[in-house]
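Subject: The structure, and what turned up in it

Hi,

Here is the structure I promised to pass on. Please have it open while you read, as my notes follow below.

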Amino acid sequence: MAEVVRNKRVVLRNYVTGFPKESDMEVVEGTVTLKVPQGSKEVLLKNLYLSCDPFMRNLMNKPQEGTESSTTLNYSAGSAIGGFGVSKVIDSGSLDYKYGDLVWGITKWEEYSLVPSAQIISKIEHSHDVPLSYYTGILGMPGVTAYAGLFEVGSLQKGERVFVSAASGAVGQLVGQFAKLTDCYVVGSAGSKDKVDLLKNKFGFDEGFNYKEEPDLNAALKRYFPEGIDVYFENVGGKTLDAVLLNMRVNGRIPACGMISQYNLTQPEGVTNLANIVFKKIRMQGFNFFDYVHLYPKFLEFVLSHLREGKIRYVEDIAEGLENGPAALVGLFSGRNFGKQVLLVARE
């Protein structure tokens, strides 16, 4: 008989309006059988690290008729939430995976998950000079997002002027460093003095500023970009985007990866300077990781060599235990995290 074990899960209690609260989720305990059902091609995973990402907030909204999710994830009230994670294969009905394989992809926020094999993005050929948790971040979805957004969507050229919002977060910290490797001038905005220090002293940004201390974002951008911005890596939207549009150069590019300032508003902020897209021939394009997952092998080659040479640095904020998951996830929206927010569920 297959072993039956405890399975703690983080469940969405109700659909969310406005800022999410820890009480919108609860940790419940059930059981799981450590065997894939007979004839199933699914894979049973023991989850090790879970990724806390801003896009998860949008999945907490009540689904609107006629809207389509751009991910394979959907949340429903009373069920476990999901996201990206690093896991160990416990049992498999798929020929592609076997017991003991380390993998990363889409999983549920629980100790053990039974997932379709298509949700696994890659096996991890784990070498111990790189932390396994990095596959939730620099070697996972945020890394590919930064790389594809900058080079594929943003068409970054050597020596250009780059502005990054939410620059100390999982994606932003990498965008800045990838741009510096391309000999660009890079400025980032973040929400505290400590985070700005991190940008300049650890990640090698040329400049950084605390947007909360700037009464006039347009004036701040003119200070750091007197000749204008070639590429703006968009993570926040709202007032920042409005000010950036005034400061873009002709033929500038805006890869739009996120709009975190808007996710919790019941009435989204308007953007008033959109005419600049026409006047300056700006190209603004939304995208997500799934559009560029095919680049993963090429990306991994690029990033691992720089990581091992010490040319890229990465900062993680690790919370431990599923019971601390709701606080870690909600903390993203008040800037509580310092670097990439990760939830440690189990060590191998």
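In which loop is Arg313 found? Before the answer, one caution: this is a predicted model. Arg313 sits in the loop that runs between α7 (296–308) and β14 (316–320). Its relative accessible area is 42%, so Arg313 is partly exposed. If you set aside the neighbours within four places in sequence, the residues in contact with Arg313 are Gln173, Gln177, Asn201, Lys202 and Phe203. Met248, by contrast, is 65 residues away from Arg313 in sequence, and the two C-alpha atoms are 28 Å apart in space.

Now to the domains. At the interface, 25 residues of domain 1 are in contact with 18 residues of domain 2. Together the two domains bury about 1,800 Å² between them, and carbon and sulfur atoms give 67% of that area. Which three residues supply more than any other three of the area that domain 1 buries against domain 2? They are Gly137, Val315 and Phe338, with 27%.

How many salt bridges are counted between domain 1 and domain 2? The count is 0. Polar contacts do occur there, with 4 residue pairs found across the interface (both residues at pLDDT 80 or more). Sorted by class, the side of domain 1 that touches domain 2 has 12 nonpolar, 10 polar and 3 charged residues.

Helix α5 (residues 238–247) is largely enclosed by the rest of the structure, because 8 of its 10 residues are buried. Those buried residues are Gly238, Thr240, Leu241, Asp242, Ala243, Val244, Leu245 and Asn247. What do they pack against? Their partners are β8 (161–164), α4 (217–224), β11 (229–233), β12 (248–256), α6 (275–279) and β13 (283–286).

Asn247 belongs to this helix. Is Asn247 buried or exposed? Its relative accessibility is 5%, under the 20% cut-off, so Asn247 counts as buried. The side chain of Asn247 makes a polar contact of 2.9 Å with the side chain of Asn218. Beyond four places in sequence, Asn247 is in contact with Asn218, Leu221, Lys222, Gly228, Ile229 and Lys280.

On to the charges. The whole structure holds 20 salt bridges. In one of them, the side chains of Asp53 and Lys340 meet at 2.9 Å, N to O. Asp53 lies in the loop between β3 (43–51) and β4 (82–92), and Lys340 lies in strand β15 (residues 340–344), so this pair ties together parts that are 287 residues apart in sequence. Both ends are out of the way of solvent by the accessibility figures: Asp53 is buried at a relative accessible area of 3%, and Lys340 counts as buried at 1%.

Another salt bridge joins the side chains of Lys123 and Asp101 at 3.7 Å, N to O. Because Lys123 is in strand β7 (residues 120–123) and Asp101 is in the loop between β4 and β5 (102–108), the pair ties together parts that are 22 residues apart in sequence. Here Lys123 is partly exposed, with a relative accessible area of 36%, whereas Asp101 counts as buried at 8%.

The side chains of Lys311 and Glu309 also meet in a salt bridge, at 3.1 Å, N to O. Lys311 is partly exposed, with a relative accessible area of 47%. Elsewhere, salt bridges that share partners link Arg161, Glu227, Asp230 and Arg249 into one network.

Last, two backbone angles for you to look at. Asp183 is not a glycine, yet it has a positive phi of about 60 degrees. Asp183 lies in the loop between α2 (172–181) and β9 (185–190), and it is partly exposed, with a relative accessible area of 48%. Asn251 is not a glycine either, and its phi is positive too, at about 65 degrees. Asn251 is placed in strand β12 and counts as partly exposed at 44% relative accessibility.

Happy browsing, and best wishes

Conventions. Residues numbered from 1 in each chain as written. Predicted model: local features only at pLDDT ≥ 70, side-chain atom pairs only at ≥ 80, totals over all residues. Heavy atoms only, no water. Helix = DSSP H or I, 4+ residues; strand = E, 2+ residues; numbered from the N terminus. Buried < 20%, exposed > 50% of the residue type's maximum accessible area, 1.4 Å probe, protein only. Contact = heavy atoms within 4.5 Å. Buried area = accessible area lost by both parts, 1.4 Å probe. Salt bridge = Lys/Arg side-chain N within 4 Å of Asp/Glu carboxyl O. Polar contact = N/O pair within 3.5 Å; in protein donor to acceptor, adjacent residues only side chain to side chain. Nonpolar A, V, L, I, M, F, W, Y, C, P; charged D, E, K, R; others polar.
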